[in-house]
Amino acid sequence: MNNTDVSNLLTTIADLMDIKGENFFKIRAYRLAAQAIHDSPEDISILVEEHRLKDLAGIGDAIAKKITEFVKTGRLTYFERLSEEIPLQILSLLQIPGLGPKKVATLFRVLNIDTIESLKQACIEGKLRDIDGFGEITERNILRGIQLLERTSGRSLLYHAYNNGQHYLQYIRECSKVIQADLAGSLRRMKETIGDIDIIVASEDPDTIMDHFINYPKIKQILVQGKTKTSVLLIDSIQVDLRVVPIQSYGAALQYFTGSKEHNVTVRGLAVRQGFKLNEYGLFEKNTDKFLSGRTEQDIYNNLGLQFIPPEIRENRGEIEAAKTKTLPRLLEEKDVKGDLHIHSTYSDGSNSISDMVEACAKRGYEYVGITDHSQSLKIARGLDGEAIQAKKEEIKRLNETAPLHVFCGTECDIKSDGTLDYPNDVLGLFDYVGIGIHTGFNMTKDEATERIIQGMKHPSVTFLAHPTCRMIGHREGFDLDMDQIFETAVDANTALEINSFPDRLDLNDIQVKRGKELGVRFIIGTDAHAKEHLEYMKFGVATARRGWLEKEDVINTVDLTTIEEFFKKGRKENG
DNA sequence: GCCGTTTTCGGCCCGACTGTTTTCAGTCG
């Protein structure tokens, strides 16, 4: 029983109450309590034991009593009664974009629908359109939402798979019979979504490895168990495949199982044309089957006359040709990043104060940080008005007298539907730099949305465009934009484009980044952190940049403090 | 359900957007 278990239970209760139609504020109380438990650095069982639950903001008598019962007995009577009224499986319907608790409740009441499958069938049969409050368009939108979900389901966000993979890998490396172990597959390539986690182990004792592997505590089910390959399903519903190979084949296996498939097909074709054969056991002479290499990936690539190709760009998008001519890019690394320029604080919708965020950034070794809270019209995120901006500026000024790194006062200013910005020019002038982004009004045609964004980018005060397409992986497609026009504007107007590192954004994506670079665009990588823990997401932004072939020089927040200060000033002068 | 108080009850971020309605409900962020 840990904090996550309790937090998840409270969230589930809130979801059930939502469908039941309980009081909005009561439901919110459960969500806030779930968040408080999730964010608490202290172990829930200790808080229960020492009767200190109510020390957490958002937990009062009623919820404290329920948590205590759950932690002590492993059960919660209140929850059991609730789940008798509202079947738990119904919660899966809430994942469908455009479907909220009210409609889910109606669907259950009127048509007894409690699974995505039965809802899909009902949509196809046109049964929804006659329900009060529903219509043909709603029916079509729900079906479209289900299809979007189906396309991304079975795949996890990179962030989710990464954490699971790293933990599992660490556990495997604890086994003394492991000579070497690494992640492979799309996770090693840092793709934005991951089908399953692949782990490769070099060992002379596969039996011991397999025994160790299946004793990992987070396994829900063992799917396949063999001598060299075993697959399990984790509690988090991610599949993990383990392959054990002898050390002389380790590099070959790693190369083979890292993929991508398209990359491997081309590399193997190249091998064949040179009189070789490449498989997961090694590189061989085609006629004699003589073993040439396989211990490391480096050996294999070099034997084929190629530079070592970093996993992130093994997508058959020109990397093999570049490796042949020794013109691979020197990819950006996380340590090149000198500061995070997209961060929220409690001034808007962040959960940590500016000084907390700054302290956390200092620990990461940054030279500077920019606090970019939302602008005035985004009420839900407590966007800042003029008065709040002044207060924030003063706080940052004070902070800069003692802080171990430089703090910039920025904004993430909304681009309104007509392409104008959410602050007048004199207010924009108050900031050290200006990021712009869209948070409302997503229903636009390609031309309208492109024009709206371009208008924003051309504004002389603007430094960068945040999460350009506004996609949310698995939830929203994002704007269909004329990307080349956006890229050209970025170059002409000297506006950087963001690679947003938030796990379900990764926006721009790898392909767009690569195209942008080809057209001369410069980028910033921001985390969009709304809490200290989110600063970690930088590695996913960097991974996306690497997948887009970016080098240090392509990314603005790799330069030192003096240079970035000049960049902010120059941008304003040149433009305005 | 939590919180704070001028303490036991009233307030709790709300505007944009969509589709359904013909004046509003539901969803999203």
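Me: Into which domains is chain A divided?

Reply: Chain A has domain 1 (1–86), domain 2 (87–153), domain 3 (156–245), domain 4 (250–324) and domain 5 (334–575). These bounds come from an automatic or database domain assignment. The C-alpha centres of domain 1 and domain 5 lie 35 Å apart. Before we go on, this is a predicted model: local features need pLDDT of at least 70, side-chain atom pairs count only at pLDDT 80 or more, and totals for chains, interfaces and linings use all residues. Residues are numbered from 1 along each chain as its sequence is written, while chains are lettered from A and ligands numbered from 1 in the order in which they are written.

Me: How do I read a sheet, and in what order do the 7 strands of the open sheet stand?

Reply: Start with the terms. Helices (H or I, at least four residues) and strands (E, at least two) are DSSP runs, numbered from the N terminus. Two strands pair if DSSP finds at least two bridges between them. Here the open sheet has the order 11-12-13-14-15-16-17, with parallel pairing. Strand 11 (339–343) and strand 17 (523–526) are the edge strands, each pairing on one side only. Inside the sheet, strand 14 (residues 433–437) and strand 15 (residues 464–465) run parallel and are joined by 2 bridges. G435 has F464 of strand 15 as its bridge partner.

Me: Which helix packs on the sheet, touching strand 12 and strand 13?

Reply: That is helix 17 (residues 386–402), which touches strand 12 (368–374) and strand 13 (406–414). Touching rests on contact: two residues are in contact if their C-beta atoms, placed from the backbone, lie within 7 Å. The direction of helix 17 makes about 160° with that of strand 13. For such angles, axes are lines fitted to C-alpha atoms, for helices over the stretch in contact, and the values run from 0 to 180 degrees between N-to-C directions.

Me: What does "buried" mean, and how many residues of helix 12 are buried?

Reply: A residue is buried if 20 or more other C-beta atoms lie within 10 Å of its own, exposed if 12 or fewer, and partly exposed in between, with C-beta atoms placed from the backbone. In helix 12 (residues 250–258), 9 of the 9 residues are buried, so this helix is largely enclosed by the rest of the structure. Strand 2 (residues 180–184) has 4 of its 5 residues buried, so strand 2 is also largely enclosed by the rest of the structure. Strand 2 pairs with strand 4 (residues 196–202) in the antiparallel sense over 5 bridges. The bridge partner of L183 in strand 4 is I199.

Me: Which residues of helix 20 are buried?

Reply: First, the general idea: an α-helix has 3.6 residues a turn, so residues three or four places apart point the same way. In helix 20 (residues 483–492), the buried residues are I486, F487, T489 and A490. They cover an arc of only 165° around the axis, which puts them on the same side of helix 20; the arc is that of the directions from the helix axis to the C-beta atoms. These buried residues pack against helix 19 (446–458), strand 16 (496–500) and helix 21 (510–518). The face turned away from the buried side carries the exposed residues D484 and D492.

Me: What is a nonpolar core, and how many residues has the largest one?

Reply: In soluble globular proteins, nonpolar side chains tend to be buried together. A nonpolar core is a set of buried Ala, Val, Leu, Ile, Met, Phe, Trp, Tyr and Cys residues joined through C-beta atoms within 7 Å. The largest has 114 residues, and those with the most contacts inside it are I197, I199, I200, F523, I525 and A545. Helix 12 gives the most to this core, with 6 residues. Apart from it lies another core, of 31 residues, among them I44, L56, L119 and C123.
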